[in-house]
Amino acid sequence: MNINATILGQMIAFAIFIAFCMKYVWPPIMQALEERKKKIADGLAAAERGRHEQELAEKRAQQVIHEAKEQANEIVAQATKRGNQIVDESKDNARVEGERILTSAKAEIEQEANRARDELKSQVGSIALAGAGKIIGREIDEKAHTDLLDELVSRI
Amino acid sequence: MASETITTSEYIKHHLQNLTFGEKQIQIEPGVWTPSGDWGFATSAEEAAKMGFWAINVDSMFMSLLLGALMMWFFRSAAKKASAGIPTGMQNFAEMIIDFIDDTVRGSFSGGKNNLVAPLALTIFVWIFLMNLMDLLPVDLIPMAVAQGAAAFFGADPHHVFFKIVPSTDPNVTLGMALFVFALMLFYSFKVKGTGGFLGELAFQPFGKWALPINLILETVTLLSKPFSLGLRLFGNMYAGEMVFILIATMYSAGVVLGSFAGLLQVGWAIFHILIITLQAFIFMVLTTVYIDMAHQEHH
């Protein structure tokens with residue numbers, strides 16, 4: 001309980017410990033703590049950024065899907081329209097073709113009919129000539145009367 | 001465990017005596033001592049007192065240096081391993097303490113950038129805590145071991161070998177620390193405010209320049225009371241705590257009933273003392289920080 005030189009010894013020891021702590025203990029540990037704080041802060045910032053980017057990406061994906069749907073609808077609509085158009089076109093074509101075939105068929109029929117009539121005429125002429133020949137007999141000079149008959153035939 | 005040959009009073013006195021090394025004194029007649037010229041350990045409280053200033057309390061110095069070295073080894077190994085990665089085990093513990101000190105110092109120190117205050121606070125808190133912690137060791141354990149050891153190896157009389165294991169119950173230790181803090185306070189006062197500023201603060205506050213003598217007396221007393229209250233507060237608390245442990249220990253020799261009661265008391269007091277130990281270390285640290293902070297503050 002006496003005050004003695006211990007007080008000096010204690011002061012010196014205290015000073016040495018403080019100096020040691022100041023030089024070799026405090027700075028490295030504080031530096032490590034600061035670095036860790038920074039690391040954690042960076043990590044949190046990165047996570048936040050990641051979440052933000054994910055949100056953006058989701059939004060963008062939604063937009064892309066939306067656009068794709070719209071595009072698909074448009075394509076379907078176009079295709080339907082085009083299909084209808086094609087159907088209409090083929091209908092028109094078919095009608096035109098039908099009419100053309102019909103016309104050509106009619107023309108052919110008429111032609112055939114004309115030809116048949118001509119044939120018939122000539123056959124009627126020859127039959128008439130043969131009949132008249134039978135009636136008149138041999139008196140008729142075939143050569144002389146052919147002109148007559150031709151004239152007759154052309155008049156029919 | 002008072003032995004049969006000594007009384008309770010002797011037992012208590014024995015426990016309150018430091019192991020003092022100094023110039024041996026020879027008793028000529030009761031109360032009159034003369035220096036012998038030899039150096040050695042005092043064998044009685046009276047002889048230790050007569051050794052004067054140039055003696056040293058070997059137990060206080062040994063324990064405080066041992067604990068201080070332990071503390072520095074612990075924190076130095078933590079500092080070596082310190083990295084920005086995940087801390088484990090003792091590393092975590094060391095960083096927790098340092099973080100706590102750093103927070104406390106930031107809270108009470110506003111004197112700008114100062115590389116000294118935080119390590120100072122750390123040293124004070126941990127060192128005082130460890131020194132106070134010795135109080136929780138059974139009061140007789142180490143002293144008995146040292147006394148028996150000294151008797152066995154050096155042939156000393158075990159009844160005259162003293163050993164106080166709690167350095168903070170030695171006023172030399174607490175006042176030594178407080179005076180060093182005081183020196184730091186003066187250093188920063190002169191450094192920050194300049195000689196004129198600091199002396200002016202002592203002379204012209206709080207009543208202005210017409211009451212200079214009163215100001216000087218008041219401020220000087222205020223200034224000087226800081227280190228002494230700092231050192232004596234810690235000493236008083238620890239000394240009283242140690243005293244209670246010693247008194248409880250004397251009950252062990254008073255039979256089974258009182259002995260068991262003493263056991264309960266000791267456990268109870270030890271648990272309560274954990275609070276005092278930590279609190280006193282914390283108070284010393286915070287007050288030191290505040291005093292150094294005040295040395296930085298300019299009052300005009």
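This is a predicted model: local features need pLDDT of at least 70, side-chain atom pairs count only at pLDDT 80 or more; totals for chains, interfaces and linings use all residues.

Trainee: Okay, how many helices and strands does chain B have?

Mentor: Chain B has 9 helices and 3 strands. Going along the sequence, the pattern reads α-β-β-α-β-α-α-α-α-α-α-α. As for dimensions, the C-alpha atoms of chain B fill a box of roughly 65 × 60 × 40 Å along the principal axes.

Trainee: In what order do the strands sit in the sheet?

Mentor: The order is S2-S1-S3 in chain B, and these 3 strands make an open sheet with antiparallel pairing. Strands S2 (32-41) and S3 (56-57) of chain B are at the edges with a single partner strand each, so one side of each has no neighbour in the sheet.

Trainee: What holds strands together in general?

Mentor: Strands of a sheet pair through backbone hydrogen bonds, in a parallel or antiparallel way.

Trainee: How many bridges join S1(B) to S2(B)?

Mentor: There are 7 bridges between strand S1 (residues 20-29) of chain B and S2(B). You can pick out B:Gln27, whose bridge partner in S2(B) is B:Trp33. Also look at B:Gly22, which stands opposite B:Gly40 in S2(B). S1(B) and S2(B) form a hairpin with 2 residues between them. In that turn, B:Gly31 has a positive phi of about 90 degrees.

Trainee: And how many bridges are there between S1(B) and S3(B)?

Mentor: S1(B) pairs with S3(B) over 2 bridges, in the antiparallel sense. There, B:Phe21 stands opposite B:Ile56 in S3(B).

Trainee: Switching to helices: at what angle do H3(B) and H5(B) cross?

Mentor: Helix H3 (residues 58-81) and helix H5 (residues 117-133) of chain B cross at roughly 130 degrees, and their axes come within 9 Å. That angle makes H3(B) oblique to H5(B). The crossing of H3(B) and H5(B) is right-handed.

Trainee: Which residues make that contact?

Mentor: From H3(B) you have B:Ser64, B:Leu67, B:Gly68, B:Leu70 and B:Met71. On the H5(B) side, the contact uses B:Val126, B:Trp127, B:Leu130 and B:Met131. By class, the residues of this contact between H3(B) and H5(B) are 7 nonpolar, 2 polar and no charged.

Trainee: Which stretches does UniProt annotate as "transmembrane region"?

Mentor: The unreviewed UniProt entry gives that annotation to residues 53-75, 116-134, 146-166, 173-190, 244-265 and 271-292 of chain B.

Trainee: What is the chain like over residues 173-190 and 271-292?

Mentor: Residues 173-190 of chain B are 100% helix and 0% strand, with the end C-alpha atoms 26 Å apart. Residues 271-292 of chain B are also 100% helix and 0% strand, and there the end C-alpha atoms are 33 Å apart.

Trainee: Last topic: how many residues of chain B are in contact with chain A?

Mentor: In chain B, 42 residues are in contact with 28 residues of chain A. Among the elements giving two or more residues to that side of chain B are helix H2 (45-50), helix H4 (89-108) and helix H7 (171-204).

Trainee: Which element gives the most?

Mentor: H3(B) does, with 10 residues on the side of chain B that touches chain A. By class, that side of chain B has 29 nonpolar, 9 polar and 4 charged residues.

Definitions and conventions:
Residues are numbered from 1 along each chain as its sequence is written. Chains are lettered from A and ligands numbered from 1 in the order in which they are written. Axes are lines fitted to C-alpha atoms, for helices over the stretch in contact, and angles run from 0 to 180 degrees between N-to-C directions. Helices (H or I, at least four residues) and strands (E, at least two) are DSSP runs, numbered from the N terminus. Angles under 35 degrees count as roughly parallel, over 145 as roughly antiparallel, 65 to 115 as roughly perpendicular and the rest as oblique. A crossing is left-handed if the near helix is turned anticlockwise from the far one by less than a right angle, and right-handed if clockwise. Two residues are in contact if their C-beta atoms, placed from the backbone, lie within 7 Å. Ala, Val, Leu, Ile, Met, Phe, Trp, Tyr, Cys and Pro count as nonpolar, Asp, Glu, Lys and Arg as charged, and the others, Gly among them, as polar. UniProt positions are given in the numbering used here, feature names are shortened, and annotations may be inferred rather than shown by experiment. Two strands pair if DSSP finds at least two bridges between them.
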